[in-house]
Amino acid sequence: MIRILEGNHAVSEAVRLARVQVISAYPITPQTHIVETLSEYCADGKMNARFLCVESEHSAMGAAIAAAMGGARTFTATSSHGLAYMHELLHWSTGARLPIVMAEVNRAMGPGWNIWTDQTDSLSQRDTGWIQLYCEDGQEVLDTTVSAFRLAETVNLPVMIVLDAFYLSHTFEPVDVPEQGSVDRFLPPFSPRFAMDTENPANFGELVPPGLYMEMRRNIQLAMESVPGCFSAIEEEFFFQFGRRYGPVECWMCDDAEVIMVVSGTITGTCRQVVGDLRGRGEKAGLMKIKMFRPFPAREIRNAFNPNQKLAVVDRNFSFGAGGIFAQELKAVLYQAPDRPRVFEYIAGLGGRDVTPKTLETIYRMTKEQDTPKMESVWIDLNVVDEGI
Amino acid sequence: MKHREGVPDIDYLYPGHLACPGCGAAIAMKFALKALGPKTMVVLPASCWGIIAGAYPQTGLKVPVMHTAFATAGAAASGLRAALDIKGDTETTVLAWAGDGGTFDIGFQSLSGAAERGEDFIYACYDNEAYMNTGVQRSSSTPYGMRTATTPGTSWKRTRKKNIVEALAAHRIPYAATASIAYPEDMIRKFVRARSVKGGVRFIHILASCPAGWRIPSESAVKVTRLAVLSNLFPLYEVKDGLHYTLNMEGNRPVRPYIRMQGRFSHLTEEEIERIQEMVDSDWALLKEKANCKQISIK
């Protein structure tokens with residue numbers, strides 16, 4: 001059924017449809033609507049789940065970890081400082097191989113306090129072993145959340161669904177909300193590979209000496225390596241059931257493109273418009289959307305380009321002392337390719353600054369006009385900066 | 001070995017667990033699990049017990065154990081309880097088992113949150129009065145007068161130990177109690193009671209001596225905690241609903257023998273011991289006032 005849903009509520013609907021059993025959460029703007037709705041569903045019996053109103057994000061993930069260890073399908077949501085506060089436990093949930101699903105609404109880190117969108121919060125968690133899936137619109141949010149439980153429970157790794165603050169979290173769009181029966185066919189009840197059990201006592205998360213630790217880490221990496229394949233298989237089933245799929249990366253008008261805009265999140269929607277307009281004017285523009293950030297889909301990306309193309313990476317995030325994070329990852333996977341396209345790096349839209357069609361067209365023009373990329377990333381739409389500080 | 005009435009024979013610790021000789025924390029777990037039985041799940045934040053429970057692929061306990069991050073015992077016990085409840089298992093007892101660092105310091109927030117929410121589990125703090133697993137650094141449970149690795153030499157700790165039972169009683173939890181490894185029947189009775197009480201977190205504070213950190217011979221581990229009770233330094237009592245106090249016994253010994261038998265206090269002068277005696281006397285008087293002199297003696 002098509003409903004007009006806020007991006008946050010697309011997450012809530014998916015969590016309801018996934019028959020999540022334990023939800024633990026702490027309020028933080030702009031994630032709050034997700035868990036408010038879920039708490040209503042738990043209160044009025046629309047969901048048979050326990051809702052824990054914990055006293056911090058650290059405890060939200062701490063409780064989620066334990067609930068998953070207890071064998072329950074588990075969900076939480078957060079943003080920004082909340083995610084940063086969870087950091088220790090993100091590592092823990094991966095090490096414990098728990099299929100927790102979390103919605104993360106991208107919001108800038110303070111200070112200065114800023115509640116608007118910026119991907120640096122989630123990208124700072126890239127080494128925690130969480131699968132990260134970035135979404136473009138409300139429909140993708142709902143579909144990805146439902147699929148995330150299948151993926152997490154298949155590979156025994158936690159999954160983060162990432163959506164932009166406000167541009168997506170607070171925007172109402174038509175979203176096709178599937179019937180419960182069809183979701184049940186796609187997503188069977190959680191059957192944990194291991195769980196706390198008094199009939200079969202075991203010691204979980206205990207001391208592991210150097211002689212064994214490395215093998216356990218290797219196991220996690222093997223699980224990560226299986227993710228692109230598992231994701232494609234799950235998307236195939238999802239497509240069969242619901243008629244939609246997204247892919248770890250999406251290339252649009254890339255084959256003959258001279259400049260390919262590499263984007264993620266809601267900038268993708270704006271970029272589709274810009275690339276379409278440019279094509280209408282005879283420009284050879286293309287678009288690559290990166291949905292899966294962890295694991296970084298190296299094979300799909302290497303096969304997507306030819307060496308004569310220029311890539312214009314638009315990063316709504318920044319790693320101080322280095323550059324845009326998607327650009328760094330992209331360069332790393334392209335480096336080993338025998339011939340590789342040139343990578344132009346742009347920083348735009350930090351802290352919720354609008355990335356308009358004009359912004360993206362400026363990036364396209366700058367890339368088209370230069371032969372070689374600069375060493376540093378180019379900051380777009382920047383006001384005067386006091387260089388004395 | 002002589003059978004003691006009220007102390008079940010069955011043991012839920014495997015021989016070969018990794019505790020030091022004379023470890024009070026191991027003795028405490030032994031009695032707690034004797035009381036709670038096999039339908040128990042243990043939540044263990046970082047602590048000495050994180051080691052004692054054994055290294056992969058072994059286990060030191062005959063019940064399931066879930067290790068958790070240092071700060072999360074209260075949250076993790078809440079999450080595990082939620083999972084069991086939603087799966088229809090209301091029979092299994094969840095036991096959060098943390099040291100004083102994981103309870104008084106880094107874990108205090110998640111414990112307070114769980115207590116306020118009225119979560120259904122038992123939280124036991126085995127208190128050895130410092131970060132013993134990392135090499136005897138002070139915690140907010142470290143008593144006045146103790147030398148630790150971070151309160152060394154003449155900088156021995158001059159602030160009082162946090163009163164954790166009062167802090168928990170202030171949450172109006174249904175049951176809070178102190179227990180000592182020197183009084184196993186009393187401890188077992190309290191865990192059995194904690195298992196049967198519903199309507200919130202049940203908190204048990206156990207003084208668990210640490211021979212290495214307290215600098216005592218391992219064979220004195222039990223004796224020293226008995227002296228703590230007999231001198232009213234660590235009184236045995238229970239608090240129902242955060243309001244109704246019951247003192248289990250009254251001691252009549254001075255604190256001096258308790259202090260003098262431990263290397264961790266060896267630098268203290270007689271005047272400083274007198275100061276500790278005054279603190280103990282005033283704390284005891286306050287506790288008696290709260291209990292309205294209602295006493296039950298233990299055998």
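1. Let's start where the two chains meet: twelve residue pairs are in polar contact across the interface of chain B and chain A, with both residues at pLDDT 80 or more. A polar contact here is a pair of N or O atoms within 3.5 Å; within protein, one must be able to donate a hydrogen and the other to accept it, and residues adjacent in sequence count only if both atoms are side-chain atoms.

2. Please keep in mind that this is a predicted model, where local features need pLDDT of at least 70, side-chain atom pairs count only at pLDDT 80 or more, and totals for chains, interfaces and linings use all residues. Residues are numbered from 1 along each chain as its sequence is written, chains are lettered from A in the order in which they are written, and side-chain values use heavy atoms, without hydrogens and water.

3. Next, the salt bridges: there are four between chain B and chain A. The term means a side-chain nitrogen of Lys or Arg within 4 Å of a carboxyl oxygen of Asp or Glu. Take a look at D85(B) and R50(A), whose side chains form a salt bridge at 3.2 Å, N to O.

4. How many residues of chain B are in contact with chain A? There are 41, and they touch 39 residues of chain A, with contact meaning heavy atoms within 4.5 Å.

5. Chain B and chain A bury about 3000 Å² between them, 64% of it on carbon and sulfur atoms. Buried area is the accessible area (1.4 Å probe) that two parts lose on being put together, summed over both.
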